[in-house]
Number of protein chains: 2
Amino acid sequence: MTRAGVPSPGLSEADLDTPALVVDLDALERNLDRMAVAAHAAGVALRPHVKTHKSVTIARMQLERGAVGVCVQTVSEAEAMVAGGIGDVFVANEVVGAGKLRRLARLAREATITVCVDDAGNLDDLGSAVLRAGSSVGVMVEMNTAEYRAGVPPGEPFLHLAQRVESAPSLRFVGLQAYNGVAQHIRDHPSRLAATERNTARVQESVELLARHGIRCRVVSGGGTGTYNLEAASEVYNEIQPGTYVFMDADYLANRDRLGGPFRDFEVSLYVLASVMSRRRGIAILDAGLKAISLGNGLPLVQGGGARYKRFADEHGVLAPSDGPLPALGHQVRLIPVNCDPTVNLYDRLVAVRSGVVEAIWPVDARGY
Amino acid sequence: MTRAGVPSPGLSEADLDTPALVVDLDALERNLDRMAVAAHAAGVALRPHVKTHKSVTIARMQLERGAVGVCVQTVSEAEAMVAGGIGDVFVANEVVGAGKLRRLARLAREATITVCVDDAGNLDDLGSAVLRAGSSVGVMVEMNTAEYRAGVPPGEPFLHLAQRVESAPSLRFVGLQAYNGVAQHIRDHPSRLAATERNTARVQESVELLARHGIRCRVVSGGGTGTYNLEAASEVYNEIQPGTYVFMDADYLANRDRLGGPFRDFEVSLYVLASVMSRRRGIAILDAGLKAISLGNGLPLVQGGGARYKRFADEHGVLAPSDGPLPALGHQVRLIPVNCDPTVNLYDRLVAVRSGVVEAIWPVDARGY
């Protein structure tokens, strides 16, 4: 089905039908450059997580700036990336179930595929699927970093699973995955640093334990947008996997930097463009609710302030005044999501804008995958 | 791009790759029948809201059971329905902005289109767009029902806008829209009834005011899954527009009926099928988080109990035990969303299952629209 209302390059942002998912190209490119420079300067590999943008176009921009490959979260994201020509994909997650393992093993005929494992039975299933497909898959053993996350405990359990990978004929042991998800969102820098150092010490112990048993962790991977610089400087991790830095979101904007100031290593490049579709005294109703912006982690910020996003329904949001006047009927408002990843996942395409003019329309290739 | 992992009819539900959005056909058909019978018995028109399912296939099933047309929430949903052959579409919402008004006016060349209005300037813009398109559009004036909803106040403001519609050459005044959204989710029946009666009295006054000025409201439309029977019995409304009844969700399950028992006029026919992808003592990590189930209104129920959905991340959910054992690694779990509409909007397709076997795959035609 063709869809009316798809914008064309050259259109003014002010004429976009809303809601629309807009990326500011200048800001995006600055973010991409900054992370590439930071990884290079620290001497670590950059393997960005594409679950944030799900876009082959942006993945290519990351590879052009020196990324060694990409991380994905699901088999279908991996399929979308390989279909788009990305040759090195790490599924930074466990893959469970016969159907998905078969798809993953077949995908490894076309590209370099690596996957996480945290269970011996699952590892055996993976090995069988890969043998049947006649391919080869790299394995990262995932180390647990927090109460509610996947992964085996550090130390002996980690060693035993790594040894089991080493003995599987169709699998290549690649190294250790330890993404410290909780630490990303710790607001103040000293606490974030301390949490990262605790985690890094456990990672180092496991790496050394494996070394004493003759197993080398070629790759030690982890680190998101909140702690990328800490893992990069750790001398334990040699690969970082940040995702959100490309767009930023209201959650990461609330982090503080080393000096206690706001975390501004990267800038907001993504927003949901909405319009006022009903207006009366004291409120403005927007055409952007639960179906236009993911609200599971909180309400979006209104760029430029003046009003705040106060309530939502499926297709509507309600703005109330804060320190300025409410926008008029038909006027546009830019909303900054608290969590950009599931917001991007609501859209079939990204509208790429430079200086207020549409420059390109990019498919969200792995949307819903 | 073709996508691996799309299931085929005949596949067992147990072999579905997860997360998957599954509809139980027997339960769906019973829900469709029950609402059709209830509307017919009450002598009101049924115009189901398709923002819930966004599926042309299900819209057709509703029309086959006597629905007079469908409601949609956006112009792009209307476009998807008309492209799918639905001939009578009511956009139960205001449409603001030159681009969207132009699309709406053009769509009215192909199908019977009606739209809500709550502002004189917007009405004039609509009239101009329709004149330019050489089509004709029906107008429902929306009456405000609650603090945070669109619509003009009842009484004089309502009358003045209706008169302005009557005088517009390209527009047809159809009637009054008053969807009492807040009342749908009032848990106990006496309070829900009282809120509906208060609203209905205001609707009746406005209808009578218009009649005294020679304007007839041919259609008085409103009523969702929570109050469909109350508007249907009101003798003021002559059209109901429920959406969620096709699938039900955990929110409506919490309503109480007239006798104080649980509201069970309709049954749960929709769930997100998830799998355990990591497991250890005390927790099971599922492959269904924010990208698989809309969590803006709360956490899903686990069908059959035993465990509860306790935490979430973008791609993951954490189950903790409640009154039973946790599922094992690889096992499937059915999650009932608190809000089905934005959950359906996450998926490109619905997997239609009967007695545990896939019978059909239905596109979510208006997904993201």
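Is Cys71(B) buried or exposed? I looked up its relative accessible area and found 0%, so Cys71(B) is buried. I note here that the model is a predicted one.

Cys71(B) is in no disulfide. Its nearest cysteine sulfur belongs to Cys116(B) and is 8.4 Å away. A disulfide needs two sulfur atoms within 2.5 Å.

Then I turned to chain A. Cys217(A) is buried too, at 10% relative accessibility. The closest cysteine sulfur to that of Cys217(A) is in Cys116(A), at 12 Å, which is too far for a bond.

**Entry: salt bridges within a chain**

How many salt bridges does the structure hold over all chains? I find 42. Side chains of opposite charge can pair when their charged atoms come close.

I picked out Glu77(A) and Lys54(A). They form a salt bridge, with the closest N and O atoms 2.8 Å apart. Glu77(A) sits in helix α3 of chain A, and Lys54(A) in the loop between β2 and α2. The two are 23 residues apart, so I wrote down that the pair links distant parts of the chain. Glu77(A) is buried at 1% relative accessibility. Lys54(A) is buried as well, at 2%.

In chain B I looked at Asp88(B) and Arg47(B). Their side chains meet in a salt bridge of 2.9 Å, N to O. Asp88(B) is in strand β4, while Arg47(B) is in the loop between β2 and α2 of chain B. Arg47(B) is buried, with a relative accessible area of 8%.

Why does the pair of Lys51(B) and Asp314(A) join two chains? Lys51(B) lies in a loop of chain B and Asp314(A) in a loop of chain A, so the pair joins the two. Their closest N and O atoms are 2.8 Å apart. I find Lys51(B) buried at 14%. Asp314(A) is buried at 9%.

I also noted a network of salt bridges. It links Lys51(A), Asp341(A), Lys291(B), Asp314(B) and Glu315(B).

**Entry: a charged patch**

Which residues form a positive surface patch? I list Arg102(A), Arg106(A), Arg109(A) and Arg132(A). I followed up one of them. Arg102(A) is found in helix α4 of chain A, residues 98–107. Its relative accessible area is 44%, so Arg102(A) counts as partly exposed.

Note on methods
Residues numbered from 1 in each chain as written. Chains lettered and ligands numbered in written order. Predicted model: local features only at pLDDT ≥ 70, side-chain atom pairs only at ≥ 80, totals over all residues. Heavy atoms only, no water. Buried < 20%, exposed > 50% of the residue type's maximum accessible area, 1.4 Å probe, protein only. Patch = residues over 30% accessible without salt bridge, like charges linked within 9 Å, V, L, I, M, F, W, Y side chains within 5 Å. Areas by Shrake-Rupley, 256 points an atom, 1.4 Å probe, with all protein chains shown as cover. Salt bridge = Lys/Arg side-chain N within 4 Å of Asp/Glu carboxyl O. Lys, Arg positive; Asp, Glu negative; His and termini not counted. Charge placed at Lys NZ, Arg CZ, Asp CG, Glu CD. Helix = DSSP H or I, 4+ residues; strand = E, 2+ residues; numbered from the N terminus.
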